[in-house]
Amino acid sequence: MSHQARIEHLLSEAYKRRLDDVELALLAESDDTRALTSLAAELRDQGHLNRVSYSPKVFIPLTHLCRDVCHYCTFAQVPRKLKAPYLTPEEVLKIAQDGAQAGCKEALFTLGDKPELRYKAARDGLKELRQDSTLAYLRDMAKLVFEETGLFPHLNPGLMNAAELAELRTVSISMGIMLETASDRLAEKGMPHHGSPDKIPARRLETIRLAGEARVPFTSGILIGIGETRRERIEALLALRNSHESHGHIQEIIIQNFRAKPDTLMANAPEPDLNELLWTLALARIIFGSNMNIQAPPNLSPGLLEQILDAGINDWGGVSPVTPDYVNPEAPWPHLTQLTDETAKSGKLLMERLALYPEYVTDLYSWVDPALASHVLRAVDGAGYPRTESWAPGMVGEPPSLDLARVIGIPGRKVRESLETVLTKAKSGAGLDEAELVQLLGARGDDFSYVCQAADQLRREVVGDEVTYCVNRNINYTNICYFKCQFCAFSKGKMSENLRGRPYDLTHEEIMRRTREAWERGASEVCLQGGIHPEYTGQTYLDICRAIKQAAPDMHIHAFSPLEVWQGAKTLDMNLNEFLGQLKVAGLGTLPGTAAEILDDEVRARLCPDKINTAQWLEVMETAHDQGFNTTATIMCGHIEQYQHVARHLLRIRDLQARTGGFTEFVILPFVHMEAPIYLKGKARPGPSFREAVLIHAVARLALHPHFRNIQASWTKLGHDGVRACLQSGVNDLGGTLMNETITRAAGASHGQETSAVEMEQIISSIGRTARQRSTTYGEVSALQKQRSFSAVELQPLIYTAAKKYDRTKPKRVLVRPGLEAEEKLGSQDII
């Protein structure tokens, strides 16, 4: 095989597998920049789709003093040229506050390497600040900035030992040091790093290695055009790859092109041309593969951003609306609008990120100090990107605007071919796999609009323009529960959880009174759920059904999640079939599909470890369907799960429905965080973003087709404006009027206890759709009940019967905890 043929072979192999060092050295002999960049762009798209990120940052130059004398640097200054050796705490805080007000997320601390080892002025400055070292001062300032402004610190402190890394890790979410080069030759006399002890490659690589051992998300990269050869560039990149493959800690590789600066020893040195930059960017992508973040600073190559994007990068680095690039002060940051437009020219969507990349957010507690991790979790969406809105499920107020009607196909607006393929497959009913569903759940920009439009088109084809709702009443018979679901703010158990409200246990008389009142107000259904009271048995649920039927014989009973069914059967020493049969005789009509949360035991192990597991939930539902019961299916999203967990949930629901056909609808329940214990402990996100909340309804429509006709949005979580958006994204049902909504309100939601039939019809007609009041199973309701629902009077005050104290003289009964009783359980690891 000829030399050129071998290179061409490696180009084809690089898309399929990791090339080793020898192969990469051979590939680096190629001068075909176009072929290299084409491959690099394909690899980038494989790992990052249409996303290109940047970090809105504020640049804090803690000190310009440095013990190194790099021949190209203007950041480092001698003491006589500086007003003071260090910024004061007041100056640091003012810069950070300006950045926070401008919408920055990152505080980038840049400083010279240990200047106190060279300059008396630095030692005196530290003494005046009552600090032992520059790094100790950096620690205190990073802590100050985070506590006062909420900006997340990223630190570039230079060389560090293990102890210094460990200490700085407690006040930052990421750090970095540019390797620049792996060549000792550049430190020889007459070369740019001569006289700079901190630029010895082995020392910098040692810091990078120690950062990996300390689990510090790390930035590194190379500087090109300072006298190195192409082979030396490749050697530096391979050294970084070797370190990353040992520890997994390098979150981005920066390829920075040298810019000659006046008043430096390299003022007249030639700068690398565009071809050199593109060649190096492409090789960096090929070396590190599709998933690494490859970055090129946009201010160093004005007018060339489209070519740089086409060379395989996926990140522009930090861009500041407030401070200059103190390392390259001659190169102003591009305006964000310009950067957005330039990125869009290459068919990419510009997105904000944190200083911590999304891949590291998804394994947060492994990479970030717990004191900072909880704040990161509250700042991100399900993919690990920053939330750019203050909206959360349950909040009153107008939700963010979403361009659901954005026209796709006109210049500047396009979607990826791979997305078109997935949507075509979904609409055919063929069924999507986990990876395809994850792709849909991550849709943004034009892709987001297109997914929502596709889902709504499918909704129109399947159910037309009719929107249904049910007039019902929620009756939560007790708020006492011995289970330890970490998302629940409704049930009352351990006082240590500090949950609000007094414990109650409704009498049959009150349940019957509420049922009669609901019937008189036009309800066709009562929906019953509650906590799992430690003294409840299956007989309790049977007696409740009989009491309701005594009060209103024609009222449909929609009651008891799979958890109540499982617990009820166990307490009566029955199998599921037997107990469900008794419930049917007692008057139960259908079952709600709650207690599902996320049907993936990796999540349930932390979210609700003692609750029924995934297999048990599915078993109850399949058994109920076999008994002739219809049920709903639900998902609760936006807490600790990731998109792959949502995808698995959808697939499991779809598979069961394909077998039984027993589900009437799929209900999306966005997590309401305000009073949820898991959120208050800093262990959960504050629900989905509005984009995510709307998108999951669209994805559900596509994922569950053709087995589900009805996709339901929850007004208690999303509000009236929120469900309007969902109705334009594949939804055709708004659930029940509820009359007494308490569970979501206990979690902190503020959308009220009832949306009346009149209000339901107004919501539906406001977007040009046709309303239909339905029964629980989507049949018709009587004319009399409809009439009553539109002229309902005010509800009577509720009566809450205080819970009785336990009779401690009775023999203790073993409580049913199905999740803990399962033979196979996953460990309780952190999932975000």
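The structure holds 14 aromatic pairs; rings of Phe, Tyr and Trp (its six-membered ring) pair if their centres lie within 6.5 Å, and planes under 30 degrees apart count as stacked, over 60 as edge-to-face and the rest as tilted. One of them joins Tyr-477 to Tyr-541, a tilted pair with 6.4 Å centre to centre and 55° between the planes. Tyr-477 sits in the loop between strand S11 (472-476) and helix H19 (508-520), while Tyr-541 belongs to helix H20 (residues 538-551), so this pair ties together parts that are 64 residues apart in sequence. Here helices (H or I, at least four residues) and strands (E, at least two) are DSSP runs, numbered from the N terminus.

Tyr-477 also pairs with Phe-560, again tilted, at 6.3 Å centre to centre and with 55° between the planes. Phe-560 lies in the loop between strand S13 (556-559) and helix H21 (562-571), and Tyr-477 in the loop between S11 and H19, so parts 83 residues apart in sequence are tied together.

Buried means under 20% relative accessible area, exposed over 50%, and partly exposed in between (1.4 Å probe, protein chains only).

A word on the basis: this is a predicted model, in which local features need pLDDT of at least 70 and side-chain atom pairs count only at pLDDT 80 or more, while totals for chains, interfaces and linings use all residues. Residues are numbered from 1 along each chain as its sequence is written, and side-chain values use heavy atoms, with hydrogens and water left out.

Stepping back to the whole chain, the protein has 32 helices and 19 strands. Its radius of gyration is 31 Å, close to the 28 Å that the globule rule gives for 832 residues, so the protein is as compact as a globular protein of that length. That radius is taken over C-alpha atoms, and the rule is 2.2 Å times the number of residues to the power 0.38. The C-alpha atoms fill a box of roughly 95 × 60 × 50 Å along the principal axes.

Of the 832 residues, 60% count as buried. Among contacts (heavy atoms within 4.5 Å) with a separation of 6 or more, 78% come from residues 24 or more positions apart.
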